[in-house]
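Dear colleague,

I am handing over the structure we spoke about, with the sequence alongside. Please look through it first, and then read my notes below.

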Amino acid sequence: MSKPLNVGVLGCGFMGRAHSNAYLQVNHFFDREHQPVLKTCYGRQEDREKLEAFAKRWSYESIETDWRKVVERDDIDLIDVCVPNFMHHDCVIAAAEAGKMIICEKPLAMNVAEAEEMVAAVEKAGVANMVSFNYRRVPAIALMKQIIDEGRVGRPFHYRATYNQDYTIGADVPQGGMALWRLDSRVAGSGVTGDLLAHSIDSAEWLNGPIAKVCAYAETFIKQRKHADTGKVEKVDIDDACMFLAVFANGSIGTFESTRYARGRKNYSTMEINGENGAMFFDLENAHMLRYFRYADPDTGKKIEDHLTGWQDILVTNFEHPYMKNWWVPGCVIGYEHTFTNSFADFLAGLEGGESFQPDMKCALRTQRVCEAVLASAKAGQWVEIPA
Ligand SMILES: NC(=O)c1ccc[n+]([C@@H]2O[C@H](COP(=O)([O-])OP(=O)(O)OC[C@H]3O[C@@H](n4cnc5c(N)ncnc54)[C@H](O)[C@@H]3O)[C@@H](O)[C@H]2O)c1
């Protein structure tokens with residue numbers, strides 16, 4: 001029996017597109033009772049032309065330029081927050097008070113104080129909620145998690161993450177407006193820390209457990225930029241680049257680096273873990289591949305190194321790999337958009353008696369705490385501990 005799930009999407013930009021596509025795809029590839037229906041979408045009045053084209057392309061039934069009207073509608077079951085970070089708090093609180101299920105893009109909020117209020121609101125309302133740290137649903141990253149849980153990495157010593165891009169190097173790139181609101185601290189909260197490192201932190205804590213303390217350095221290379229909304233040259237307050245050292249609660253140590261000034265890098269997100277029994281490396285720009293180094297048998301602890309020992313490339317497309325039995329046949333790769341479809345499939349499964357979705361807002365609050373500790377450490381120039 002299929003159950004319509006009426007969706008109101010707030011935002012008609014990058015994530016609005018990615019989520020709309022996933023709502024339309026999910027029932028084609030996963031057996032789920034709930035069937036998302038694209039009821040209405042919101043965009044700013046100044047983006048109205050874009051909003052209209054977006055609604056037509058994805059077959060939304062209506063549009064709104066006031067997001068509160070979407071939240072107030074009785075015929076909407078789920079509010080999907082795909083607007084810039086400064087709006088997440090108010091949208092989520094209003095949606096929770098209206099008793100809607102909520103999907104929220106990352107980072108959860110502008111800061112920890114906002115995120116705490118959001119968690120309290122969804123818990124009080126008792127509504128299903130998810131935060132879109134979609135990289136957990138890259139099959140190769142989900143396979144990393146499985147391999148770690150099977151003991152094949154063993155005691156971890158090192159964790160290494162990078163998330164590098166290059167699209168803000170030009171001094172003539174403005175701040176403000178579609179996509180470039182990311183350079184305006186009043187709209188984004190922070191720079192690469194909330195935008196990119198939040199993903200790296202979510203993946204790291206999922207794979208390697210909680211981070212206990214951090215020591216960070218952040219840089220803003222271009223200190224002033226023209227604002228697209230005001231036309232005036234204004235101070236840039238976000239971090240263009242941020243690096244930090246981390247000590248994990250399990251005793252392993254980590255390095256994290258993120259920048260939008262790595263010439264040549266577009267969406268270069270990598271993670272590597274080195275343990276007693278093995279190691280793994282993943283690169284998002286080669287997302288169907290997982291590199292694995294097998295050293296010792298997890299059951300006996302005995303070295304299995306022989307003439308075949310070396311890094312292996314696992315093409316993560318077999319039916320036994322996470323999510324892959326729902327897609328094509330072995331050898332056919334899937335890509336970026338599928339991470340959202342896989343996420344929604346898991347969210348719907350949670351509504352239908354399966355495991356409740358992770359990361360939810362409570363879990364994403366933890367990532368927000370680590371981001372805030374990273375920014376505090378960069379400001380103070382010293383180590384900052386993160387409460388368990
Ligand atoms: N999960 C991911 O990998 C991922 C990737 C990209 C973005 N995101 C997150 O998704 C959210 C939306 O990002 P996006 O890239 O889709 O944004 P976008 O700039 O492409 O779209 C922004 C949308 O918000 C509306 N809006 C309202 N107020 C605005 C303002 N002051 N400035 C600009 N737009 C405004 C616009 O009309 C538009 O519909 C953000 O929280 C972002 O961090 C997540």
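What follows covers the sheet, the helices across it and the surroundings of the ligand.

Residues are numbered from 1 along each chain as its sequence is written. Please keep in mind that this is a predicted model, in which local features need pLDDT of at least 70 and side-chain atom pairs count only at pLDDT 80 or more, while totals for chains, interfaces and linings use all residues.

Nine strands make up an open sheet of mixed pairing, in the order β16-β15-β14-β13-β7-β12-β11-β8-β17; strands are DSSP runs of E with at least two residues, and helices are runs of H or I with at least four, numbered from the N terminus, and two strands pair if DSSP finds at least two bridges between them. Because β16 (312–315) and β17 (384–385) each have a single partner strand, one side of each is left without a neighbour in the sheet. The partner pair β15 (residues 289–294) and β16 is antiparallel over four bridges, with R291 opposite D313 in β16.

The ligand is surrounded by 23 residues, counted where the C-beta atom, placed from the backbone, lies within 6 Å of the molecule, and the closest are G13, F14, M15, R44 and E105. Helix α1 (residues 14–29) gives the most to this shell, with three residues, and at least three come from each of domain 1 (3–135) and domain 2 (138–335 + 359–380), whose bounds come from an automatic or database domain assignment.

Best regards
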